[in-house]
Amino acid sequence: MPATVWILNPSFRDGPYQLLRMGWVARIEQDGYRQVIVHDTRGDKHCPVRSTEDVEVPSDFGLQLLQALDRARRAAEEADSDRIVAARRSEDSWSWQVYAPDEVPPAQDDPPAPPSKSTFVPPPPPVIPRTVIPNPAEMPLWAPQKQPEPDTVTE
C-alpha cells in the first residue's frame, strides 16, 4: 500500500481533530481573515489554521500548505511511510511542518476565533429637552404673511 500524506486539522489545538487525506483535497483557499481553508472532494470545508491576535498568518500561507504537501509526498515516497503536515507557530510567524506519524508533537494553544462581522447599531439620538411656552387665550401660533400686490415692483 502506498504511503499517504495527511493534513492535521486543526493544527493549532489538542483534542478532537481530523486527519485529511491529501488525495481528497479538492481546493485550498485563504480568506480575508487569513484562515487557510481546505475543501475536500465531498464539498466539506476544513480550517487547519487561522490567525491569532499575536501572530498573523502570512498572506500566502495557503500556497505554503501546497508546497508542504509536495514535500511530504516526496518524503513519504522515499521512506515508504505516511507523513503528516501540521501548522506550527513560533513567536512571530507560522510555518508548515512535515512529520512521521510517531513524531507529531502536541498541538499548540487554540487561537481565538476570527473576528466576526460588525453588527454595530448606532444608538438613538439624544433626547433634547424642549421648553413649552403656554399659549394664553388660544392665540394662533402663526400668522399669515402679507403678500406683495401682483402689480407692485419689489426691490
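Which backbone oxygen lies 2.7 Å from a polar atom of the side chain of Q30? That atom belongs to P58. The model is predicted: local features require pLDDT of at least 70, side-chain atom pairs count only at pLDDT 80 or more, and totals for chains, interfaces and linings use all residues. Residues are numbered from 1 along each chain as its sequence is written, and side-chain values use heavy atoms, with hydrogens and water left out.

Q30 itself belongs to strand β3 (residues 25–30). Strands (E, at least two residues) and helices (H or I, at least four) are DSSP runs, numbered from the N terminus. Beyond four places in sequence, Q30 touches Q35, V36, V57, P58, S59, D60, F61 and G62; contact means heavy atoms within 4.5 Å. The C-alpha atoms of Q30 and V57 are separated by 9.8 Å, at 27 residues apart along the chain. Q30 is partly exposed, with a relative accessible area of 21%. Buried means under 20% relative accessible area, exposed over 50%, and partly exposed in between (1.4 Å probe, protein chains only).

F61, a contact of Q30, also takes part in aromatic packing. Rings of Phe, Tyr and Trp (its six-membered ring) pair if their centres lie within 6.5 Å; planes under 30 degrees apart count as stacked, over 60 as edge-to-face and the rest as tilted. Two aromatic pairs are counted by this rule. F61 and W96 are stacked, at 4.8 Å centre to centre with 15 degrees between the planes. This pair links distant parts of the chain, 35 residues apart: F61 is in helix α1 (residues 61–79) and W96 in strand β7 (residues 94–99). Both F61 and W96 are buried. Together with W94, they form one aromatic cluster.

Backbone geometry has its exceptions. Most residues other than glycine have a negative phi, and most peptide bonds are trans. The N9 to P10 peptide bond is cis, with omega near -10 degrees. P10 sits in the loop between β1 (5–9) and β2 (18–21). R34, not a glycine, has a positive phi of about 65 degrees. R34 lies in the loop between β3 and β4 (36–40).

How values were computed
Polar contact = N/O pair within 3.5 Å; in protein donor to acceptor, adjacent residues only side chain to side chain.
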